[in-house]
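Please look through the sequence and the structure shown here before reading the report that follows.

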Amino acid sequence: MPVLASAGRRRGLRLAGAAVTLGALSAALGVPTAAHADLPGASPVLTRAPYLTDLTPTSVRVTWATTTRSRQTVKYGPLGNCTANTATATTLGTTMTVNGVTEYSNSVTVPNLSPDTPYCYRVYTGDATPVDLLGTNPSPSFTTMVPGGSSAPFTFAVLGDWGDTTSNGVNSGAVNQDQANVLSRLAASGARFTLSTGDVAYPSGSPTNYGDLQQSGVNISGVFAPEYYAAPGQKVPMFALNGNHGRTSTLLLTWPESAVTAASNGVYSQVAYPSFFGSTPTSYPTTYYAFTSGGVRFYVLDASWSDSNTGTADGNNCEGTDHCAVYQVDAAAHWATTSAEYQWLQQDLAAHPGGVKVAAFHFPLRSDDPTEPDDEYLKNNPGSTDTLEQLLHDNGVNLVFNGHAHIYQRNVAPPGGVPSYTTGGGGAKLSSVGGHGCDPTDAYALGWSYSSNVGKRCPSSTPVPAADANVHHFLLVSVDGSTLTVTPTDSLGNTFDAQTYDFSADGTAPSAPSAPTVTRSGSTTMQLAWGAATDNRQVASYDVYRDGTYLATVPQELRTFSDKTAVCPASYTYEVRARDLAGNTAGSSVPVTC
């Protein structure tokens, strides 16, 4: 039975002549009581605070929800004159049901804006006497996109795997304070927009999981409760993409992205998929598009699939886990060279040569989370061909952001790869790292084990997180020309592992590292160490070869590697090549007899 409401607020009711509180009624009916306050000062008609998507240099989309249905409006203007102009919805609000309560989603495109300019706005009902839905709240503001080709600096946020009522490993429906803190800090970060890495509204991305300003409980209002997305959503537009949770049309309704999709000839709609490996033919939301801000081209991609629809796929590219079945089907559906998404991406990359390029998608190229491991079907491993990572690398994509694994992880790129982040710490229940070892390309990773209540890290030089609050995070990325600085911020406001990348053209190779020293630390283990190389920009990583065969890539901070595959007695030649971000290399070698 739904929670009962009056004008959108859950108040005490009068039944059979007696005063009954909502809490007592809800307890009697087995319905969760409201733990969240309403958005202070807002109209009781408002059930979801206004939030922004689909930002361009000249427009933005405003979406909100109400208890009443009409053709509602946005009034907007420059700072100081927030109601100068009016944009009215072309249709009545879309009906949706949130925990049994009927509500209406309203969405309006605000047009005719100037690039890189701040604006403010308010939302109103479409009644004869319009209701100001924000009430006594101040007018939210946002800034339009920096136009393509501009050298103006800007910042954006990256956020993944959130919208969860689980707090400190327990899902009681109480406020998830770490998620609330992450979103509050994102709202205050100055980010121009947010780039999603997928999986929003746990566990299934339903309207009830997304929720509203008034209702709460287990898996209710993990996104739109006032403690969560109300603040950042009003002023930081979201660019959404698909994950393995919430693969229904609710995603498309909740996060409309029509302008950027149309401008890039992308797809943001339900698509019918045939069977792959015996999976059930079905229709899924499909989300891929691109946009440009300043000198950066952003690719928002669909690399995801439903966990429950994998047919007979066995994920045999992954070692020791059957989780990769979902990776295998995604690769067949989206990343075969004949697939619509692969061909679209290939064409758009070719149409936008040069400049900085960034890609975001859900399944991780590299992850030391043992339950959500590397996606071996997307990686450009030695000997693989026509993978997503190869397509990105060969067309100049400089940086990748992934989600799925509920951890933080920064990865250097192997030869033919792209530097990447796995950033799935937005608020969902965290995962561990290193349970199956730490990948050589893992430069810095944080996870959490709730079973032992301890922090996890990779590699051993990384500080161990003291609390799960140190693992929940978002990324703030500052763009200044071809230079990007990525600064992770945890839910307590601490920044960590900040990295600056200079992606400008570079034809100068690093100096050669000093010749590696090799010691035998076991019957089949050779321990290598070498001195640092130098570069006119920055050394990104070191590649280790044995007798000309690639073994591993390690971050520039480490400068050690253990070869555990040596067979003695034998003679080997080890080579270490320093590589910069542009792919220029220089190496030094040493012969070894064991």
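## Charged pairs, cores and a sheet

Asp 563 is buried, with a relative accessible area of 2%, where buried means under 20% relative accessible area, exposed over 50% and partly exposed in between, for a 1.4 Å probe and protein chains only. The model is a predicted one, in which local features need pLDDT of at least 70 and side-chain atom pairs count only at pLDDT 80 or more, while totals for chains, interfaces and linings use all residues. Residues are numbered from 1 along each chain as its sequence is written, and side-chain values use heavy atoms, with hydrogens and water left out.

Asp 563 forms a salt bridge with Arg 546, and the closest N and O atoms are 2.8 Å apart; a salt bridge here is a side-chain nitrogen of Lys or Arg within 4 Å of a carboxyl oxygen of Asp or Glu. This pair links distant parts of the chain, since Asp 563 lies in strand E30 (residues 560-563) and Arg 546 in strand E28, 17 residues apart. Helices (H or I, at least four residues) and strands (E, at least two) are DSSP runs, numbered from the N terminus. Arg 546 is buried as well, with a relative accessible area of 17%.

Asp 497 is buried at 12% relative accessible area, and Arg 410 is buried at 5%. Asp 116, by contrast, counts as partly exposed because its relative accessibility is 31%, whereas Arg 192 has 14% and therefore counts as buried.

Strand E28 also belongs to an open sheet of four strands with the order E29-E28-E31-E32 and antiparallel pairing; two strands pair if DSSP finds at least two bridges between them. Strand E29 (549-555) and strand E32 (585-593) stand at the edges with a single partner strand each, so one side of each has no neighbour in the sheet. Seven bridges join strand E28 (residues 539-546) to strand E31 (residues 571-580), and within this pairing Tyr 542 has Ala 578 in E31 as its bridge partner.

Which residues have the most contacts inside the largest nonpolar core? They are Phe 156, Leu 195, Trp 255, Phe 291 and Phe 401, in a core of 86 residues. A nonpolar core is a set of buried Ala, Val, Leu, Ile, Met, Phe, Trp, Tyr and Cys residues joined through side-chain atoms within 4.5 Å. A second, separate core of 36 residues includes Tyr 273, Tyr 284, Trp 305 and Leu 345.

Trp 255 also takes part in an aromatic pair with Tyr 229, which is edge-to-face, at 5.6 Å centre to centre and 80 degrees between the planes. Rings of Phe, Tyr and Trp (its six-membered ring) pair if their centres lie within 6.5 Å, and planes under 30 degrees apart count as stacked, over 60 as edge-to-face and the rest as tilted. Tyr 229 lies in the loop between helix H3 (207-210) and helix H4 (230-235), and Trp 255 in the loop between helix H5 (249-254) and helix H6 (258-263), so the pair ties together parts that are 26 residues apart in sequence. Tyr 229 is buried, with a relative accessible area of 3%, and Trp 255 is buried at 2%.
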